Amino acid sequence: MASGLQHEFDVVVVGGGPAGIAAAVCAAESGVRVGIVDDNPVLGGQIWRGSSEDGQPEDAVKWKQLIQTRAVTVFCGKRIVHQPETGVLLAEGTDDFCELRYRNLVLATGARERFLPFPGWTLPNVMGAGGLQAMVKSGLPIRGKRVVVAGTGPLLLAVAAYLRQHGAEIIVICEQASWTSLARFAMALIGQPAKIIQALKLKKDIAGVRFAANSWPLAAHGQNALERVTISRAAELETIECDYLACGFHLVPNIELAALLGCQIHNGYVQVDEWQRTTAAAIFCAGEPTGIGGVELSLVEGQIAGFAAGGRPADAQKLFGARQKFRRFARYLDQTFCLCDELRKLPSEDTIVCRCEDVPHSRLREHTSWRAAKLYTRCGMGPCQGRVCGPATEFLFQWKPDSVRPPIFPARVENLAALAGRREPEGKAVMGGVR
Ligand SMILES: Cc1cc2nc3c(=O)[nH]c(=O)nc-3n(C[C@H](O)[C@H](O)[C@H](O)COP(=O)(O)OP(=O)(O)OC[C@H]3O[C@@H](n4cnc5c(N)ncnc54)[C@H](O)[C@@H]3O)c2cc1C
């Protein structure tokens, strides 16, 4: 076990996706000391995942090369779990930890998929759409496998295209949004040429694949793993044999760290001003935690945050116009892919909602708040700390999420104890209120 080195920076960036990489590059251009930390083995985030440059989009290659040429200290495979004191973050790796001291902080923690429970959703081979894509990127063989892609949001199309390119047979893409909303979304893209080009490319990549609007999974069936899935397609039922169900209901921003650090959250997103500054002193935020808007918005927000945190506001200001355009796209996404009420009826009595603690829907219905459900059923108290069941119960029961308490991810007690020992006089080590 490493002894917990301490590193000091002018700017620390948490999150190594497009927003974080752009922030680190732009902050470093100001000549300040910059550190970036990400919990994956290499930088890239969700969309630019993987170390190989083959097959990566041009932007990914460009930004990954830029960060290598700047004076940025990279901490990969480390996760920020706690802020032991103002201006210091605890980064935990698989077998070590370190403390990162900052003057300015940029949070670029991205988003995760939203999962909704339905009968059979915990069967092996029922996976998040982006999760399955990530596993294929990491080597899971998919050639010849029959895949149903379901849920909502543009990620479904990107995943279907990716899996097909790698030899999967995409049987159907089920999108819960209606044809009317989708048509409105398509019209709104006029004036966003980059998005139209992306959409046309996706259309070509999934040409010939069946696409159903007003459609969602009702149940997944199988003995030991997924064998079939029943979908509702414009109110008609259809059961389809398949090897994988790739299922995700758009994205949920990762705001836990921002909330822990005292940044104000509004409607589920971190509040920022024009410089991407949050309401907490010296803390900026960029990318998906401020709104789900795709890679272009993440990149431009990351650059603004990086320039602002590095002390170059004039350079940040030049990007305000571009950000405005991409924020419009984020609003269209929110409107088009908001969940329809019928999805609340998906779980049956015994459908597990909190899969870490095995809590079924019937036990949650008895409660009127997230806090009560947590206290009485342990819902949200397992290893994922409510990251999966929290957004699901928020949609199913309209419960508001609770306050966030450290550590925001499960952390090793020995690391927390070592930190506490450093800060308390001998014999009085205290962490998380436990003596
Ligand atoms: C599973 C998934 C797959 C996706 N696939 C695609 C796709 O194929 N095509 C597409 O157009 N869009 C895809 N997206 C959307 C895409 O992520 C966004 O459009 C955009 O790229 C987000 O960039 P970002 O930098 O804001 O966040 P991200 O790319 O999500 O980067 C955030 C990074 O921060 C890290 N992180 C978070 N918290 C911590 C912490 N406490 N400590 C350390 N590191 C932390 C995360 O692990 C992640 O690497 C996907 C999204 C998800 C959730």
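Student: Is Val11 buried or exposed?
Tutor: In this predicted model, Val11 is buried, because its relative accessible area is 1%, and buried means under 20%.

Student: Where is Val11 found?
Tutor: Val11 belongs to strand 2, which covers residues 11-14.

Student: And which residues does Val11 touch, not counting those up to four places away in sequence?
Tutor: Val11 touches Ala27, Val32, Arg33, Val34, Gly35, Asn104, Val106, Ala309 and Gly310.

Student: How many residues apart in sequence are Val11 and Asn104?
Tutor: They are 93 residues apart in sequence, yet their C-alpha atoms are 4.8 Å apart in space.

Student: Let me turn to the ligand. How many residues surround the ligand, and which are the closest?
Tutor: The ligand is surrounded by 31 residues, and the closest are Ala19, Asp38, Asp39, Ile80 and Ser298. By type, the shell consists of twelve nonpolar, 13 polar and six charged residues.

Student: Which helices and strands each supply at least two residues of that shell?
Tutor: The helices are helix 1 (18-28), helix 3 (129-137), helix 4 (155-165) and helix 8 (295-310). The strands are strand 5 (79-85) and strand 9 (111-113).

Student: What about Ser298, where is its place?
Tutor: Ser298 sits in helix 8. Ser298 is buried, at 7% relative accessible area. Leaving aside neighbours within four places in sequence, Ser298 is in contact with Pro18, Ala19, Gly287 and Glu288.

Student: Ala19 again! How many Å is its backbone N or O atom from an oxygen atom of the ligand?
Tutor: The distance is 2.9 Å for Ala19. For a backbone N or O atom of Gln46, the distance to a ligand oxygen is 3.0 Å. A polar backbone atom of Glu288, which is also a contact of Ser298, lies 3.2 Å from an oxygen atom of the ligand.

Student: What percentage of the ligand does the protein bury?
Tutor: The protein buries 90% of the 980 Å² that the ligand exposes when taken alone.

Student: New topic: how many disulfides does the structure hold?
Tutor: The structure holds zero disulfides. A disulfide is a covalent bond between the sulfur atoms of two cysteines.

Methods
Residues numbered from 1 in each chain as written. Predicted model: local features only at pLDDT ≥ 70, side-chain atom pairs only at ≥ 80, totals over all residues. Heavy atoms only, no water. Disulfide = S-S within 2.5 Å. Near = heavy atom within 4 Å. Polar contact = N/O pair within 3.5 Å; in protein donor to acceptor, adjacent residues only side chain to side chain. Areas by Shrake-Rupley, 256 points an atom, 1.4 Å probe, with all protein chains shown as cover. Helix = DSSP H or I, 4+ residues; strand = E, 2+ residues; numbered from the N terminus. Nonpolar A, V, L, I, M, F, W, Y, C, P; charged D, E, K, R; others polar. Buried < 20%, exposed > 50% of the residue type's maximum accessible area, 1.4 Å probe, protein only. Contact = heavy atoms within 4.5 Å.
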